[in-house]
Amino acid sequence: MLVAMTNTPPRVRFAPSPTGLLHVGNARTALYNWLFARRAGGQFILRIEDTDLERSETRYETQLIEDLNWLGIHWDEGPGAPGEPETGNYGPYRQSERLAIYAKHTERLMAEGKAYRCFCTLDDLEAERLLAAAQHRPQIYSGRCRSLDADTINRNLAAGMPYAIRLGIEDRPLCFHDIVRGPVEFAAGTVSDPVLVRSAAGGSAGLSKIEGGGIPVYNYVVTIDDALMGITHVIRGDDHISNTPKQVAIYQAFGWAVPEFAHLSTILGADRERLSKRHGATSISTFRQMGYLPEALANYLALLGWGAEDGKTETFTIAELAPIFSLERVTPSPAIFDFDKLNWLNRHYIKQADPDRIAKLAERQFCLHRPDVFPLWSSSELYTAETIDLLEHLDPPIHLDLPSREMIAERRAWFLSLLALFLPSVDHLDQLPIKSSFIFGFDPDASHADAENAAILAADSARSVLSEFASRVRAHAGPVTPEDFKTWINEIKAATGVKGKELFHPIRIALTGAHSGPEFDRVIPLIEEGAAMGLAIPTVHDRIEQFVGV
RNA sequence: GGCGCUAUCGUCUAGGGGUUAGGACGUGAGAUUCUCAAUCUUAAAACACGGGUUCGAUUCCCGUUAGCGCUACCA
């Protein structure tokens with residue numbers, strides 16, 4: 001089978017329902033589909049499964065598309081943005097636009113005698129199930145409506161009884177091949193006649209009309225779509241394994257070739273339960289908001305259930321992944337999502353990334369999380385050199401209160417050194433505003449009150465160090481330089497005999513509110529230069545007055 | 001209850017009838033540093049259990065156990 005496949009490029013699809021945000025598990029499925037298609041030179045198709053009109057929302061579809069693009073996953077065929085034309089010759093690519101196709105196929109199966117009307121009520125079926133469970137038998141539909149005589153059917157129809165349409169399947173094993181798991185077989189007598197079309201109102205209340213469109217169910221439409229779209233490899237989550245025999249039966253009823261399958265294991269949380277919001281972030285858009293880089297997330301997802309052939313390489317971009325990815329190497333066992341490893345990859349890619357790009361992303365985080373201390377940057381996109389240039393040369397000139405070119409350059413340089421200082425201590429970009437918040441000021445009372453700080457400050461050595469330091473700062477005019485600081489430290493060391501942690505910790509607490517943080521040589525210029533260029537930042541002098549004054 | 005899937009360090013995984021069972025994250029220790037982070041060095045850490053098959057099984061087969069999924073006229 002694989003030999004035959006190698007001649008024709010494979011066609012794969014990712015088929016999400018727009019009923020919520022894109023979950024990491026689904027994103028990983030999309031990624032594996034995309035990688036497989038790229039590797040084999042095939043087509044990757046996006047199909048929107050929106051037959052559940054009640055839960056499907058356009059905004060989720062829009063978000064989904066945005067998230068996939070963000071991850072770097074692009075499709076060869078799929079729906080256009082709402083109102084835009086689709087790409088590909090196998091459309092429509094939204095199931096809600098394919099209802100007529102499904103109805104036509106149902107008519108065909110009915111005409112061929114392969115499908116039948118099932119008048120059983122939901123209660124009837126429930127009773128059958130209960131009985132089967134009590135007798136320790138597989139809970140499958142008895143098939144009692146399969147051979148209803150024409151008179152009964154006509155009577156029921158005339159009486160307006162609701163019915164579903166089922167596919168009649170022979171009692172035999174249903175098998176398929178799974179690239180991840182090998183051959184899978186469901187024994188005879190374990191699979192019900194699949195429902196193809198459900199009653200219009202979902203049960204005893206409604207009427208099912210093939211012509212008018214009773215509602216076709218998932219297992220049915222997915223099979224028709226996959227077959228009609230020429231899908232050769234169905235790569236999806238393993239929660240679909242038990243649906244697969246029914247789909248195989250549907251392929252066979254139509255006389256269509258059964259595709260290859262690859263069922264990907266579930267992603268679990270640390271407690272070995274299916275990963276959900278309760279474990280932390282789960283949707284791609286949340287990770288994005290938190291300041292994870294797409295290449296980090298894609299790399300991590302690729303590693304969850306797959307390993308490189310050398311057993312060693314851990315970091316790759318999806319472009320590097322595409323030529324080496326293979327479904328044969330995907331593990332069948334479920335994987336626990338490890339936020340620590342994701343963080344490690346994110347730090348790795350933050351280091352690798354273009355500083356300009358990181359600066360832009362970081363700036364967004366500051367605007368979002370600290371608009372109070374960072375009003376300047378919220379509009380800095382407007383303040384590019386090009387913008388200023390443009391406005392200056394307008395005729396008549398527009399008068400805007402724009403900062404000068406020099407000021408922009410100055411502040412930009414300052415912001416970049418802020419980033420350089422704090423980036424190494426951050427897992428994801430949204431931690432930046434909190435990590436660096438002491439630069440913009442801190443609460444001296446809270447800092448004194450902190451138990452660890454209080455213990456350090458209570459020491460006699462700490463008192464003398466601080467008073468020595470304070471008197472030097474007060475006696476000093478203008479911004480403090482690292483050189484000033486170094487000189488003072490040496491003087492204080494000589495005057496008090498205190499050194500090491502006992503010397504530095506009190507000063508650090510007074511200046512930053514905490515006993516740990518980045519090196520003084522870089523913190524002090526950041527503070528003094530930032531204050532000097534008019535940012536709302538307390539100077540070293542301000543800090544000492546505020547802190548010692550308390 | 002039924003059907004199905006899964007089982008190598010705490011986690012993600014490599015490997016495969018005979019190996020010192022490899023790598024990465026995390027953890028511990030050390031170096032560096034005023035501290036924290038980063039960085040470098042280093043250590044500890046695994047073949048679920050029981051039967052086969054075999055000269056030899058972590059590897060192949062069968063059970064057991066555990067976990068997960070499905071068990072709808074949801075997708």
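User: Which residues are closest to RNA strand B, and how many surround it?

Analyst: Start with the cut-off: a residue is near a strand if its C-beta atom, placed from the backbone, lies within 6 Å of it. Here 66 residues surround RNA strand B, and the closest are Pro138, Gly307, Gly311, Ser333 and Phe504. Keep in mind that this is a predicted model, where local features need pLDDT of at least 70 and side-chain atom pairs count only at pLDDT 80 or more, while totals for chains, interfaces and linings use all residues. Residues are numbered from 1 along each chain as its sequence is written, and chains are lettered from A and ligands numbered from 1 in the order in which they are written.

User: Which element gives the most to that surface?

Analyst: Elements are DSSP runs, numbered from the N terminus: helices are H or I with at least four residues, strands E with at least two. Helix H5 (122–134) gives the most to the surface near RNA strand B, with four residues. Others that give two or more include strand S6 (182–186), helix H12 (339–352) and helix H22 (501–512).

User: What is the surface near RNA strand B like by class?

Analyst: The classes go like this: Ala, Val, Leu, Ile, Met, Phe, Trp, Tyr, Cys and Pro are nonpolar, Asp, Glu, Lys and Arg are charged, and the others, Gly among them, are polar. That surface has 25 nonpolar, 22 polar and 19 charged residues.

User: How do I read the largest nonpolar core, and which residues touch the most other members?

Analyst: In soluble globular proteins, nonpolar side chains tend to be buried together. Buried takes 20 or more other C-beta atoms within 10 Å of a residue's own, exposed 12 or fewer, and partly exposed is in between, with C-beta atoms placed from the backbone. A nonpolar core is a set of buried Ala, Val, Leu, Ile, Met, Phe, Trp, Tyr and Cys residues joined through C-beta atoms within 7 Å. The largest one has 91 residues, and Leu31, Phe36 and Leu301 touch the most other members. Helix H2 (residues 24–40) gives the most to this core, with ten residues. Apart from it lies another core of 22 residues, including Phe469 and Val540.

User: Leaving aside its neighbours within four places in sequence, what is Leu31 in contact with?

Analyst: Contact needs C-beta atoms, placed from the backbone, within 7 Å. With those neighbours left aside, Leu31 is in contact with Leu71, Ile73, Ala298, Leu301 and Ala302.

User: Which residues of helix H20 are buried, and where do they point?

Analyst: An α-helix has 3.6 residues a turn, so residues three or four places apart point the same way. In H20, the buried ones are Ala462, Val465, Glu468, Phe469 and Val473. Seen down the axis, they fall within an arc of 135°, so they line one face of H20; the arc is that of the directions from the helix axis to the C-beta atoms. They pack against helix H19 (451–458), helix H21 (482–496), H22 and helix H24 (540–549). The face of H20 turned away from its buried side carries exposed Asp460, Arg474 and Ala475.

User: What about phi of His136?

Analyst: Phi of His136 is near 60°, a positive value in a residue other than glycine. His136 sits in the loop between H5 and helix H6 (150–158). His136 counts as exposed because 6 other C-beta atoms lie within 10 Å.

Conventions:
Two residues are in contact if their C-beta atoms, placed from the backbone, lie within 7 Å.
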